[in-house]
Amino acid sequence: MKTKTLSVLLLMTTFIVVVSFTFSKQQPKPWNVPEKNAKMANPIKSDAASINTGKASWAKNCASCHGKMGKGDGSKAAKLTTHPGDFSAAATQGQSDGALYYKISEGRDDMPAFKKKISDEDEIWSLVNYIRTFKK
Amino acid sequence: MKAHTTLYNRSPKAALVLFCLLGCLNFLNAQDSTGVKEAATEAPAAPKKSKPVPNTFENIWLLDNQSVMVPTKGSFQLDFMHRFGTIDGGYQSLFGLFGGINIRIGADYVPREDLMVGLSLTEYNLTWEGYVKYAGLKQTKDDKIPVSVTYYGNMAVDTRSDPTGGLYPHGSDRLMFFNQIIIARKFGDRFSIQVAPSLTHVNVVQGYYGGDTTADGKSVLGKEMKHDHFAIAFSGKVKLNNTLNLLLNYDQPITKHLTNNPNPNLSAGLEINTTGHTFQVLVGNYRYITPSRNNYYNNNDYKDGQWLIGFNMTRLWNW
């Protein structure tokens, strides 16, 4: 009897530990954007030219991790320790343009900082505009 | 009989003049922008500073030429380049892939905005190159500056061994210089065009005795080729899709020499870009990789089918 309860308890604990670990891997840690940056207005109008620029830059710089449609299913995504997220979801779309711009520029862990790699600020704003097209 | 003559180079002077000219342009430009900045602090309504057009080309390399681009400050790039043998050998050399290959390994660094320095070693004649590239002018989005202008200067040293001293009697005989002004413009998202006149200076040329004598009876040594050689390169980029570009290039020699006039170079390539990586695969006539040698000595002729395959691979890091 006793051994049975014990093994059930053990099984449950293992289960919880394993599950919580898998979840903790997917659960993104909060990424705080300084208020000043989050409030920055997007100077680039989301017109066809900007979407085109954003799309070209996305294919060259971002799709390998974030996937063609921003679902987080790029060819390199499996090798990352943090999941790059699904950009069609509210978690990303709910953020301000300024916040997205800040995250792309500064990066964190697996997410590279692009402010040196993309020297043209307007191109980063166009990327923000392009990310908006993933919205469901 | 001494088969070489040595003339000390005059081209660094020309380079200096060009360099100063570009420097002045940049200085004027900088003066202008600080003026705008000051005005902006006083009156917030002052017009915004003109922004440079990005991605005229996506790499410092444009097949065998340099493009107008200099990466952002602090960038470090490694270059790996191969030129295979000419394809006219057919199956016997597997269309050049198994024939005389030439390889170059290079490193480029951008210590300050718009200035790149680099060092490379090419397999052919163990040639070291030291070079500088300076982006003096950049095309702006508002078209206030309609073209980008960059200076490229390259010094090459042939370091192959010469135990008897017969090849190079003087150390300076091993030097070649290359100076180029690169002018480019981007038209919309898909097209970029570049024109680049250049001056190659070779420190030593082949001499010959043509039978002429001086008043006191000594034979006069003639020169087969001039030390200075002008040429011009025309290049272009067509964006095929977001990561793939078509590159086209033509190099035309201008200076006429007594003999051994170099042939023009016609080349085309595909370029694939991702962040930090560029891969260019090309078909062309130039095999030396070193720009001075390509312009001065190219003896492959596209009219005789002397094409070769090559590729450029680069890895860029930004800090």
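Me: How many helices and how many strands does chain A have?
Reply: This is a predicted model, by the way. Going along chain A from the N terminus, the elements read α-α-α-α-α-α-α. The tally for chain A is seven helices and zero strands.

Me: What share of the residues in chain A is buried?
Reply: To count as buried, a residue needs under 20% relative accessible area. Chain A has 136 residues, and the buried part of them is 35%.

Me: What percentage of the accessible surface of chain A belongs to carbon and sulfur atoms?
Reply: Let's start with the total, which is about 8800 Å² for chain A. The part that belongs to carbon and sulfur atoms is 63%.

Me: Are H3(A) and H7(A) roughly parallel or roughly perpendicular to each other?
Reply: The axes of H3 (residues 48-61) and H7 (residues 121-132) in chain A come within 7 Å and cross at roughly 95°. Residues making the contact include A:Trp58 of H3(A) and A:Tyr130 of H7(A). Angles from 65 to 115 degrees count as roughly perpendicular. H3(A) and H7(A) are therefore roughly perpendicular.

Me: Which strands of chain B each supply at least two residues of the nonpolar patch?
Reply: Over on chain B, a nonpolar surface patch of about 630 Å² is made by B:Phe80, B:Ile105, B:Leu240, B:Leu270, B:Ile272, B:Phe279, B:Val281 and B:Met313. The strands that each give at least two of the patch residues are S15 (265-274) and S16 (277-284).

Me: Is B:Ile105 buried or partly exposed?
Reply: B:Ile105 sits in strand S5 (residues 102-112) of chain B, and belongs to that nonpolar patch. Partly exposed is the class between under 20% (buried) and over 50% (exposed). B:Ile105 has 49% relative accessibility, so this residue counts as partly exposed.

How values were computed
Residues are numbered from 1 along each chain as its sequence is written. Chains are lettered from A and ligands numbered from 1 in the order in which they are written. This is a predicted model: local features need pLDDT of at least 70, side-chain atom pairs count only at pLDDT 80 or more; totals for chains, interfaces and linings use all residues. Side-chain values use heavy atoms; hydrogens and water are left out. Patches are made of residues with over 30% relative accessible area and no salt bridge: like charges are joined within 9 Å, nonpolar side chains (Val, Leu, Ile, Met, Phe, Trp, Tyr) within 5 Å. Accessible areas come from the Shrake-Rupley method with a 1.4 Å probe; for residues, only the protein chains shown count as cover. A salt bridge is a side-chain nitrogen of Lys or Arg within 4 Å of a carboxyl oxygen of Asp or Glu. Helices (H or I, at least four residues) and strands (E, at least two) are DSSP runs, numbered from the N terminus. Buried means under 20% relative accessible area, exposed over 50%, partly exposed in between (1.4 Å probe, protein chains only). Axes are lines fitted to C-alpha atoms, for helices over the stretch in contact, and angles run from 0 to 180 degrees between N-to-C directions. Angles under 35 degrees count as roughly parallel, over 145 as roughly antiparallel, 65 to 115 as roughly perpendicular and the rest as oblique. Contact means heavy atoms within 4.5 Å.
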